[in-house]
Amino acid sequence: MAMTRLMLTSRCSLRPSSPQYKNSPHASPAAQCRQPPSTVTPPSRKMAQLEHGSLLVGGRELLARVPPNVSLRPAGVKDADTALRAAFVGAKADAPSSRHVFSIGTLVKGWRWLSLFRFKIWWMVPATGAGAAGVPAETQMLLLESRSGDEAGSAEAEGSAMYALMLPVLDSGFRASLQGSPEDELQFCFESGDPKVQTMEADDAVFINSGDNPFKLMKESIKMLSKIKGTFNHIEDKEIPPILDWFGWCTWDAFYKAVNPVGIEEGLKSLCEGGAPPRFLIIDDGWQETINEFDDEALLEQTVFAERLIDLKENHKFRGEACKNLGNLIKKIKETHGVKYVYMWHALPGYWGGVLATSDVMKKYNPKLVYPVQSPGNVANLRDIAMDSLEKFGLGIIDPANIYEFYNDQHSYLSSVGVDGVKVDVQNVLETLGRGLGGRVALTRKYQQALEESVTQNFKRNNLICCMSHNSDSIFSALKSAVARASEDFMPQEPTRQTLHIASVAFNSFLLGEIFIPDWDMFHSKHESAEFHGAARALSGGGVYVSDKPGVHNFNILKKLVLPDGSILRARYAGRPTRDCLFNDPVMDGKSLLKIWNLNNFSGVIGVFNCQGAGQWVWPVKEIAYAPTNIDITGHLLPSDVDSLEEIACGNWNGETAVYAFNSCCLSRLQKHQSLEVSLSTMTFEIYTISPIRVFSEAVQFAPLGLINMFNSGGALDDVSSTADSSASTVHIKCRGPGRFGAYSATRPELCRVDEEEVEFSYTEDGLLAFDLPYRSSHNNLRHIEVLYRAS
């Protein structure tokens with residue numbers, strides 16, 4: 001019998017499947033504990049149809065009064081099921097133009113929507129509503145939900161929910177976006193950005209698909225689109241940069257453009273001495289050789305974004321007594337401070353104002369001064385000061401025929417002095433420069449492909465971070481780029497922008513997370529919102545890095561994110577709002593908590609944040625100043641809020657979970673559809689680790705939690721298995737350390753060992769088993785844990 005039990009439990013002892021990123025250390029064999037696929041065909045799998053002036057998806061009417069010039073074409077994929085559901089919406093005009101606005105009908109009552117739209121040229125934010133009139137201009141994703149009956153939002157109606165996804169895409173040199181009209185019509189704008197690039201027809205402008213799970217629907221749709229279009233790849237088909245598993249430091253907020261070698265060394269030293277060693281460094285804006293051609297002091301503030309690049313090498317600050325050159329600095333900080341990766345910042349056009357066309361170094365790339373032209377969509381929501389400056393003073397653009405040579409020259413030099421990668425900013429500006437160059441889509445794709453090829457040629461491991469790249473021109477041209485910023489900057493001087501940041505990165509990751517690893521940006525560890533931001537970064541699935549000034553740190557917060565070796569506990573996916581949060585406003589409706597979910601190898605994690613009362617969306621612009629206030633909110637959490645919890649549970653899982661609250665240190669045993677009440681004040685949070693309870697050897701009920709002193713405790717777990725004989729059962733765990741290990745155990749164990757040495761443990765009435773994992777000086781921070789139970 002002992003051997004039989006061992007065979008049964010060993011089926012669930014394998015490490016669960018992770019996303020199959022190319023060359024990723026997280027990749028593993030196919031999961032052994034998957035649930036069998038459903039054999040029931042839900043209504044949402046019905047064919048998308050356009051008939052009698054109505055657009056139907058999943059058997060439900062989505063749009064009424066569809067104009068006769070609107071068309072619907074099947075997506076043409078091989079999979080029979082998705083081919084039935086997925087389609088492209090197009091339209092035909094009476095005359096050719098470089099910009100069309102087509103009405104595609106009115107949104108039928110009963111649908112509510114989530115929009116991801118660009119509130120200004122560089123960045124997306126979410127908006128929610130019902131009715132087409134409220135859909136913002138520059139909407140790049142529209143997720144719609146319909147529920148049967150009057151139970152919208154209730155748990156009872158969960159099975160009746162149906163989702164429609166509308167993605168305006170790139171088509172033959174044109175780029176689409178969605179918007180509402182005052183007449184309550186849903187429209188799509190179709191534009192090339194070049195008056196000479198015209199068309200009468202938009203054939204494949206808006207991709208539409210439907211399903212009963214919004215997260216699976218998005219993943220399936222992005223994978224499908226990537227195969228159909230061939231201009232970008234799903235994140236699982238990209239190489240993931242290694243910096244994401246390490247703690248980092250960025251120089252931007254610490255120094256802004258005054259960055260210098262002495263300050264860089266001081267910052268690295270103070271973080272290392274405090275026990276949070278940065279293993280990657282981003283040397284941000286301020287290292288390049290640039291010029292401001294405008295001498296008039298009155299124009300200085302206006303021309304700050306019109307400065308131009310004049311050389312590919314570092315400026316005078318990095319050539320002197322403190323630092324012979326950039327290569328000398330990089331060699332020193334890697335050897336002295338243990339930095340593994342150094343990234344340098346630059347803008348996609350070279351610098352904010354491009355390059356100086358008359359510079360001796362730049363002449364070989366045939367640059368010219370151009371003046372950006374923004375589309376009506378760019379200024380429909382909020383104008384941007386940088387674009388105002390560039391429209392007035394121009395931008396020096398490299399000839400597209402020479403752009404690869406430009407990137408290759410710069411990157412080959414940086415690589416030769418020890419730089420490992422680049423963070424590339426100001427990417428969306430290309431959409432305004434397409435006039436006379438074949439249009440915005442063609443120009444963006446030319447630059448993006450040249451950038452990616454240069455990074456591949458000069459740096460190892462796809463070391464590239466894309467930034468200010470939230471237009472679909474860039475998103476749907478990213479063949480290799482694997483990391484992209486998920487929202488506008490963390491702004492330490494803006495107290496009312498902190499909750500907006502957390503909400504934006506989480507909602508934007510719903511789309512971006514299928515194409516990139518979303519970068520939730522740096523933050524300050526010593527800031528009134530530091531713990532709020534730190535907790536969110538732990539759930540992001542992306543990198544964790546700060547921009548502290550040297551010596552200004554809160555190591556109590558950092559040590560909840562960073563292990564002594566500089567590694568972090570990164571979750572498997574992009575952190576996204578739970579399903580019941582997708583259509584709520586977590587910032588301004590005064591009642592909704594923001595819940596963000598993710599998965600680790602053996603547990604789920606949910607962060608609950610109260611973002612109400614601390615700020616307001618920057619769009620639409622309001623003339624009345626916002627006064628922050630405290631709002632207490634009570635909500636509910638269910639283990640099933642982790643949408644893919646079955647992914648990391650065994651096939652014989654009965655739905656029971658152990659739920660551990662990080663701040664309150666409370667442990668609960670819940671069925672997956674049982675709720676737990678949570679009450680939070682403004683700008684406070686709680687993190688819940690949700691671990692499926694495993695039954696080992698028929699009697700041992702056990703659920704590992706990981707390092708319970710860390711925000712994302714389950715991220716420390718590397719493997720869980722068991723062995724048994726007639727006298728005892730032993731649970732074997734591989735867990736990163738050091739730290740406080742915790743697990744749920746239905747019964748008190750006989751003993752616990754760490755690396756074959758018996759350790760003291762505590763065990764409480766609620767089943768919390770805990771003990772310390774000691775510090776080891778070796779490079780391997782993986783601890784081997786044994787929890788032994790005597791047979792009764």
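Colleague: What share of the 792 residues of the chain counts as buried?

Modeller: The model is a predicted one, in which local features need pLDDT of at least 70 and side-chain atom pairs count only at pLDDT 80 or more, while totals for chains, interfaces and linings use all residues. Residues are numbered from 1 along each chain as its sequence is written, and side-chain values use heavy atoms, with hydrogens and water left out. Buried means under 20% relative accessible area, exposed over 50%, and partly exposed in between, with a 1.4 Å probe and protein chains only. Of the 792 residues, the buried share is 62%.

Colleague: How many helices and strands does the chain have, and what is its radius of gyration?

Modeller: Helices (H or I, at least four residues) and strands (E, at least two) are DSSP runs numbered from the N terminus; the chain has 14 helices and 44 strands. The globule rule, 2.2 Å times the number of residues to the power 0.38, is set against a radius of gyration taken over C-alpha atoms. The rule gives 28 Å for 792 residues, and the chain comes close to this, so it is as compact as a globular protein of that length, with a radius of gyration of 27 Å.

Colleague: Among contacts in the chain between residues at least 6 apart in sequence, what percentage joins residues at least 24 apart?

Modeller: A contact means heavy atoms within 4.5 Å. Among the contacts between residues at least 6 apart in sequence, the share that joins residues at least 24 apart is 74%.

Colleague: Which are the edge strands of the open sheet of 6 strands?

Modeller: Two strands pair if DSSP finds at least two bridges between them. The order of this open sheet is β27-β28-β29-β34-β31-β32, with antiparallel pairing. The strands that pair on one side only are β27 (576-577) and β32 (667-671).

Colleague: Which residue of β34 is the bridge partner of V659?

Modeller: Strands β31 (residues 656-661) and β34 (residues 685-692) pair in the antiparallel sense over 5 bridges. The partner of V659 in β34 is I690.

Colleague: What angle does the direction of helix α13 make with that of β29?

Modeller: Helix α13 (residues 530-539) packs on the sheet and touches β28 (594-599), β29 (604-609) and β34. Axes are lines fitted to C-alpha atoms, for helices over the stretch in contact, and angles run from 0 to 180 degrees between N-to-C directions. For α13 and β29 the angle is about 150 degrees.

Colleague: Is D521, which has a positive phi although it is not a glycine, buried or exposed?

Modeller: D521 is found in the loop between β25 (517-519) and α13, and its phi is about 75 degrees. With a relative accessible area of 1%, D521 is buried.

Colleague: Which residue does a cis peptide bond join to G737?

Modeller: The omega of this bond is about 5 degrees.
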